[in-house]
Amino acid sequence: MKFKSTISPPRRVKASLMWPLALVLAFVLLVFVAATYFLQVQVRDRALSERVNAVSRLVSQKLDKDTNLMRAVLQTMQGIPPIGTAFARQDRQALLVAAGPMFDSLRAQSRITHLYFDNPELVNLVRLHSPTEFGDEITRSTTVQARRQNRVTHGLELGALGTLTLRVVSPWPSANGVLGYVEMGEEIGHLMQEIHDSLAVDLFVLVDKQFLPVQQWHHGLDMLQRQGNWNHFADQVMVANTADPTPVALNDAVLAYLRGGATHVFTQGQQTMHLALLPMDDANGRRIGDLVVMRDISGLQKTFQSSIVTVILMSLGVGAFVLGLFYVALDRVERDYQRQHDLEHQLLRLDTEHARILQIEKLSALGTMVGEIAHQLNNPLVGVVNLAQLAQRELGDPDRTRELLAEIRRAGEDCHTFIAAMLRFAKVSKFDCHPANLTQVIADTVLLFHQTVRRQIPVELALPAHPVVLSMDPILMRHALFNLLINAAQASADDQPVVISLTPTPHAETGAPGWLLAVLDHGHGIDPKVLDKLFVPFFTTRSDGTGLGLPVVQHVALLHQGYVTVSALPAGGTQFAIWLPQQATVPSANSLPGTSDVAQDFGG
């Protein structure tokens, strides 16, 4: 019997799936690269913050060290008789002669920049660093506290010449009371230079203009033969620095940004610089200015950039590998689909009704499989995107980010495993009967059923505890059971389980030993009027059905020298069962009609 049919060209599976897959994969990789970038930024900023903290600690250590040095010098000085005698007589010239050489040595070797001798009323007797300046009352906090508390005091203070100085003030005791007060100081510029040499950072000391009158500042520049720019900043003036000239990027807007606790990175020529800020307090605990720390991070920035480039290249490599993996898998699916198209043409030349049944069922099943593969691939990819978005929100927790990235990797591996399983399921083979574990076949089929069917129907298993090894073709048996599961799922509600049982049962007529593989649903049952038509090819009660699933199940049972039964349950529902012999004789390739072609794999 000949017939004509209009056959559409085969669908291009790769063309329809590869572009959406590539876009989704590109988005996932973009999210991964962005998460890695922000994680690297946090690592870089943490390293810079640790260096700033190291500067802060070193400043405190240097201040303590130099304070202890000056205290020791002052204590030693009080034990030198010529200096004590001249101080007791309030003799300026004698103090200059007695203490001058010692001060010159301290200035050259220990960077001591100030040495005062004040009388008990805090009126300056002599400044060894500026002998022409004397006779003024010293009202600085450290000096006043030393007089009030009659003990050694120290701290950072602004001097009369506009310099920020670490000062140590000590009373000079005698048998007749306090002879006066001796003050030793070290300009902070020398301290900043030591820190610059130790940590390879540049420092800028800024003092608020409200604590330093402009005339006093200019007078100090003239006296100390220095240069400065009062108008460079609106509210502050620079009193010490280790880098000249001042970077253009260091301006009022950047200072305001740094005072908020942030850091600033800028490019200066071929260098990348990092700015941070530390507040500076005087001896009274009053904030008088800021210490700006500038570090050359060119090497760190190059390392950071190379790490990002490496991550991007690795991501592109992984993306290309995954895309290639999907391409190969979809290429095989497309070849199977092309084979389906070729089989449709062959179907036009088949003469027997039974041959047409087998061929149409295989074509329908392969089309269903392609649709289910596309659906199944979408689910893990949605999970991958969600995990990547969650990883981006967890950037503050690197451990949690790594955990989410591991979940992304596992989802990709699950995708690969599913594709491999589907390809094994869809391979072409001839009828191959050999000993196989039927319980394992059932378990594999149920797993594939859950992976490919959109409705999650619960499946209950009632299987023997021991393996049931029968002589059979496991591929064909898996497909027969898959068809019965599909029918049971379509007849059941979402909360109604499908029950699969395997029990030892003798042949209904001969009593030969065998096993009954039953699939039971709790649906509405089958109309008794159609029971005798269930295994008629092309008969179906569903608008979207082919009417070929149950005839194929029956054909598979006949190939294994078994049979299929169907029964309606009293409480509602239907049970389909395949009886298989305990030991079967393997039929020849031509013993049953359609045997040479039936072994094309199919599902649904």
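## Charges over rings

Arg140 lies over the face of Tyr116, at 4.9 Å from the ring centre. Arg92 does likewise with Phe134, at 3.7 Å from the ring centre. A charge counts as over a ring when NZ of Lys or CZ of Arg is within 6 Å of the ring centre and within 35 degrees of the ring normal.

This is a predicted model: local features need pLDDT of at least 70, side-chain atom pairs count only at pLDDT 80 or more, and totals for chains, interfaces and linings use all residues. Residues are numbered from 1 along each chain as its sequence is written, and side-chain values use heavy atoms, with hydrogens and water left out.

## The five-stranded sheet

An open sheet is built from 5 strands in the order S2-S1-S5-S4-S3, with antiparallel pairing. Strand S2 (124-127) and strand S3 (153-158) stand at the edges; each has a single partner strand, so one side of each lacks a neighbour in the sheet. On average, neighbouring strands of this sheet are turned by 25° against each other, direction ignored. Strands (E, at least two residues) and helices (H or I, at least four) are DSSP runs, numbered from the N terminus. Two strands pair if DSSP finds at least two bridges between them. Strands of a sheet pair through backbone hydrogen bonds, either parallel or antiparallel.

Strand S1 (residues 114-118) pairs with S2 over 3 bridges, in the antiparallel sense. Phe117 has Val126 in S2 as its bridge partner.

## Helices on the sheet

Helix H5 (residues 188-199) packs on the sheet and touches S3, S4 and S5. The direction of H5 makes about 45° with that of S5. Helix H2 (residues 81-88) lies across S1, S2, strand S4 (164-174) and strand S5 (177-187). H2 runs at about 115° to S5. Contact means heavy atoms within 4.5 Å. Axes are lines fitted to C-alpha atoms, for helices over the stretch in contact; angles run from 0 to 180 degrees between N-to-C directions.

The whole structure holds 6 aromatic pairs. One of them is Phe87 with Phe117, an edge-to-face pair at 5.2 Å centre to centre, with 70° between the planes. Phe87 sits in helix H2 and Phe117 in strand S1, so the pair links distant parts of the chain, 30 residues apart. Rings of Phe, Tyr and Trp (its six-membered ring) pair if their centres lie within 6.5 Å; planes under 30 degrees apart count as stacked, over 60 as edge-to-face and the rest as tilted.

Phe117 also pairs with Trp172: the ring centres are 6.3 Å apart and the planes at 45°, so this pair is tilted. Trp172 lies in strand S4, so its pair with Phe117 in strand S1 ties together parts that are 55 residues apart in sequence. Phe87, Phe117 and Trp172 form one aromatic cluster. Phe87 and Phe117 are both buried. Buried means under 20% relative accessible area, exposed over 50%, and partly exposed in between (1.4 Å probe, protein chains only). The relative accessible area of Phe117 is 0%. Trp172, at 3%, counts as buried too.

## Strand S10 and its partners

Strand S10 (residues 287-296) is mostly covered, with 8 of its 10 residues buried. Strand S6 (residues 202-208) pairs with S10 in the antiparallel sense over 6 bridges. Leu203 stands opposite Val293 in S10.

Strand S9 (residues 271-281) also pairs with S10 in the antiparallel sense, over 9 bridges. His274 has Arg295 in S10 as its bridge partner. S9 and S10 form a hairpin with 5 residues between them. Gly285 in the turn has a positive phi of about 80°.
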